[in-house]
Amino acid sequence: QPVTAEDLGCAGAMAVLMRDCVMPTLMQTLEGTPVLVHGGPFANIAQGNNSIIADRIALKLVGKDGYVLTEAGFGADMGMEKFVNIKCRASGLAPNAVVLVATVRAVKAHAGLTGPESKKENVEAVRVGAANVRRHVENIRQFGIPAIVVVNKFSTDTPAEIAALREATLSAGAFDCVLANHWAEGGAGAVEAAAAVVR
């Protein structure tokens, strides 16, 4: 037999806690940028999107000339499709662009390189593994939304590997492919990515 919260005598306490879960949590980055957190990124087990409530609050706060980035799970085959097919239809909102985040290391993993080998330069592995990112770009384009590929740069990435990934994504129809080095430089390391979104 199923065990319910009522059976455990905690349904009332849970309801009190859940009452405040309806509203997003306002947080901030280390640099003071506001962030509304409401929902989760796990598109493999759930819808994987930030809530419509959080998006509407953010849009109201930034005004008609502002920009709102909302998380849509991971991958254009899971999170983005659920975002477009479920969340956009339910909310009436539509994105102006999709930011697809990739790493050289993950691309090489799609070519079979993992562990210490993934940290060594291997341009051919990037070209082979880029088929995965290309497919994500193609999925995004099927929805008529510009795809901006942002390469989350690691210190082990080489200029030749980055160039190969950029070439692969642009030839697949990405609007742009830019580097982000925010893990090392904070917001300054994401300026190129932000500029691509604005374009």
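The following questions and answers concern the fold of a predicted model.

User: On what basis are residues numbered and values counted?
Analyst: Residues are numbered from 1 along each chain as its sequence is written, and side-chain values use heavy atoms, with hydrogens and water left out. This is a predicted model, in which local features need pLDDT of at least 70 and side-chain atom pairs count only at pLDDT 80 or more, while totals for chains, interfaces and linings use all residues.

User: What percentage of the residues of the protein count as buried?
Analyst: Buried means under 20% relative accessible area, exposed means over 50%, and partly exposed lies in between (1.4 Å probe, protein chains only). The C-alpha trace spans about 60 × 50 × 35 Å along its principal axes. Of the 199 residues, the buried share is 33%.

User: In what order do the 3 strands of the open sheet stand?
Analyst: Two strands pair if DSSP finds at least two bridges between them. β3 (98-102) and β5 (176-180) stand at the edges with a single partner strand each, so one side of each has no neighbour in the sheet. The pairing is parallel, and the order is β3-β4-β5.

User: Which residue of β4 is the bridge partner of V101?
Analyst: β3 and strand β4 (residues 147-152) run parallel and are joined by 5 bridges. Within β4, the bridge partner of V101 is V150.

User: Which residue in the turn of the β1 and β2 hairpin has a positive phi?
Analyst: Strand β1 (residues 25-28) and strand β2 (residues 34-37) run antiparallel, joined by 4 bridges. In this pair, L26 stands opposite L36 of β2. The hairpin has 5 residues between its strands, and the residue with a positive phi, about 90°, is G32.

User: Why are α2 and α3 described as oblique to each other?
Analyst: Axes are lines fitted to C-alpha atoms, for helices over the stretch in contact, and angles run from 0 to 180 degrees between N-to-C directions. Angles under 35 degrees count as roughly parallel, over 145 as roughly antiparallel, 65 to 115 as roughly perpendicular and the rest as oblique. The axes of helix α2 (residues 52-62) and helix α3 (residues 75-91) come within 11 Å and cross at roughly 55°. The two helices are therefore oblique.

User: Which residues of α2 and α3 make their contact?
Analyst: Contact means heavy atoms within 4.5 Å. From α3 the contact takes K87, A90 and S91, and from α2 it takes I52, D55 and R56.

User: How are α3 and α5 oriented to each other?
Analyst: α3 and α5 pack at an angle of about 25°, with axes 9 Å apart. Their contact involves G75, A76, D77, M80 and E81 of α3 together with H136, N139 and I140 of α5. The orientation of α3 and α5 is therefore roughly parallel.

User: At what angle to β3 does helix α5 run?
Analyst: Helix α5 (residues 123-142) lies across β3 and β4. Its angle to β3 is about 170°.

User: Is A194 buried or partly exposed?
Analyst: A194 belongs to helix α8 (residues 191-198). Its relative accessibility is 42%, so A194 counts as partly exposed.
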